[in-house]
Amino acid sequence: MAYCIGLFALLSLFGCLHISHADVPPYTEKYFNQTIDHFNFKTYGDQTFPQRYLIQDKWWKQGSGPIFFYTGNEGDITDFWAAIGFVHELAPSFGALIVFAEHRYYGKSLPFGNHSLEADYIGWLSVEQALADYAMLISYLKQSLSSPKAPVIAFGGSYGGMLSAYMRFKYPNLVTGSLAASAPIYMLDPRFDRSFFFSHVTYDFAMTGAAGCVDQVKKGFQTMDQLVRQGLKGLEQLTMDFQLCSPLVDSEPMYKHLQGWVRNAFTYLAMLDYPYPTDFLGMNLPANPVQTACNVLMNATDPVKGLAAAAGMFYPKDTSQTPPCFNMMADFIECADPTGCGTGPNALAWDYQACTEITLPDGSDGKTDMFPSLPFTLDMRRSYCKQSWGVTPRVEWTGVQFWGTRINETSNIIFSNGDLDPWSGGGVGKSLSDSLVAVTVKGGAHHLDLRASNKLDPPGVISARETERSYIQRWITAATMT
């Protein structure tokens with residue numbers, strides 16, 4: 001699920017998707033004096049920080065229209081506003097007020113300013129605190145806008161989708177229903193198998209790429225191992241093939257980092273496997289990037305050069321160097337999220353969350369997936385988190401606090417998952433009741449259904465959006481009749 005991020009870190013994903021200014025719907029930026037600590041009256045209980053939110057009332061029918069509330073995830077909220085086109089498309093027909101709330105410790109919503117990510121202050125970054133932030137903001141909006149009975153529909157994608165579901169779990173008095181897109185909530189159950197992620201990335205390349213693509217990826221990594229065993233000559237060849245800014249040295253950690261750098265690129269090619277071009281991190285990814293990467297791999301003169309060219313589709317070259325090259329140490333930072341945390345302050349915040357409440361997938365094993373064996377077990381996670389943040393994850397607690405897989409007692413949630421999305425294996429794949437609905441987005445990568453409509457959209461996402469619209473309409477109608 002941080003995305004820039006990895007879902008997951010996504011900055012999560014959406015946080016890294018760039019849209020030209022002309023395409024971004026207008027908004028008003030506002031700030032709400034948010035309580036720093038909602039649960040302890042002795043520690044900062046009476047102190048506040050400015051939580052940013054974006055609001056648009058162009059379509060709102062005050063007094064009868066609903067509030068569409070996006071539960072911001074691990075990144076700057078303006079990036080999510082730009083990327084979540086489905087909400088903007090729905091608002092006119094519903095007469096809805098649109099609100100996008102920024103998650104604490106991300107973007108401009110920093111409880112302790114520039115000190116927020118320091119050890120003495122980061123402890124107030126938690127899912128529970130973020131949910132309480134959203135609940136207080138919703139309550140404030142309803143009161144200040146004289147709309148106490150306005151139905152609220154929560155929207156979210158990836159980690160934000162988890163939050164939108166949790167808002168319905170925790171605050172059904174405030175949230176009428178939720179659309180949780182690509183939300184791997186089952187992943188937080190301590191008994192859940194977290195080996196799903198990299199095997200699904202492999203599945204994507206097997207199903208949508210050229211014939212033999214997965215075998216070619218495996219062959220590329222095997223050839224890399226052979227070159228490493230040749231010593232200095234082989235390392236020099238790898239440095240040249242991958243066009244690295246710094247030469248590889250005879251260091252196992254540095255070689256593992258290169259493997260992770262490549263794996264990270266393939267991860268994002270799968271998550272961003274949209275049917276149209278995407279401007280990501282300043283790079284122009286083509287339509288159907290998995291298929292394109294496979295074509296590159298199959299047409300390369302040797303498998304290592306193929307891996308390098310495919311990874312180069314994702315990463316930007318450092319143009320300050322002559323010739324331009326890839327700075328793998330800056331592009332990819334190892335962290336508590338094996339799918340990638342990204343870089344910068346938002347990545348640090350996500351790393352902390354991955355060390356506390358958000359238990360992310362295991363690493364790759366080289367057996368059920370096409371990647372090298374780069375494990376990240378729970379014991380490895382505990383060791384890393386203790387060393388990096390001085391915290392120990394409490395996996396059993398998250399299974400209790402966030403319900404694990406036992407979610408039948410809630411209602412009015414749509415769980416949508418694309419069949420091309422590596423995160424779908426951690427999500428709700430089957431409907432549990434007539435109001436806990438699973439929607440499969442056929443031909444859809446990571447929360448494609450939340451993006452704006454496009455003429456190249458597959459029929460599966462068009463159908464999914466219509467289903468989502470109908471449930472949202474049903475919930476709003478029922479709420480306004482009570």
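**Sheet and disulfides in a predicted model**

Eight strands build an open sheet with mixed pairing, in the order 1-2-4-3-5-6-9-10. The model is a predicted one.

Me: What does the twist average from one strand to the next?
Reply: The strands follow the order 1-2-4-3-5-6-9-10. Going from one strand to the next, the twist averages 20°.

Me: What is the bridge partner of Ser178 in strand 9?
Reply: Let's start with the strands. Strand 6 (residues 177-181) and strand 9 (residues 413-418) run parallel, joined by four bridges. Within strand 9, Ser178 has as its bridge partner Ile413.

Me: What angle does the direction of helix 4 make with that of strand 6?
Reply: Helix 4 (residues 159-170) packs on the sheet and touches strand 3, strand 5, strand 6 and strand 9. Its direction makes an angle with that of strand 6 of about 155°.

Me: How many disulfides are there?
Reply: The rule asks for cysteine sulfur atoms within 2.5 Å. Cys213 and Cys294, for example, have their sulfur atoms 2.0 Å apart. By this rule the count is four disulfides.

Me: How many residues apart are Cys213 and Cys294?
Reply: Cys213 sits in helix 6 (residues 213-229), while Cys294 sits in helix 9 (residues 289-299).

Me: Is the disulfide of Cys335 and Cys341 left-handed or right-handed?
Reply: The sulfur atoms of Cys335 and Cys341 are joined at 2.2 Å. The torsion about their S-S bond is about 100°, so the disulfide is right-handed.

Me: Is Cys335 buried or exposed?
Reply: The cut-off for buried is under 20% relative accessible area. Cys335 has a relative accessible area of 11%, so Cys335 is buried.

Me: Why is the disulfide of Cys355 and Cys385 left-handed?
Reply: The sulfur atoms of Cys355 and Cys385 lie 2.1 Å apart. The disulfide is left-handed because the torsion about the S-S bond is about -85°.

Me: What does the pair of Cys355 and Cys385 tie together?
Reply: Cys355 lies in the loop between helix 12 (345-354) and helix 13 (378-389), and Cys385 lies in helix 13. The pair therefore ties together parts whose separation in sequence is 30 residues.

Key
Residues numbered from 1 in each chain as written. Predicted model: local features only at pLDDT ≥ 70, side-chain atom pairs only at ≥ 80, totals over all residues. Heavy atoms only, no water. Helix = DSSP H or I, 4+ residues; strand = E, 2+ residues; numbered from the N terminus. Buried < 20%, exposed > 50% of the residue type's maximum accessible area, 1.4 Å probe, protein only. Pairing = 2+ DSSP bridges. Axes fitted to C-alpha atoms, helices over the stretch in contact; angles between N-to-C directions. Contact = heavy atoms within 4.5 Å.
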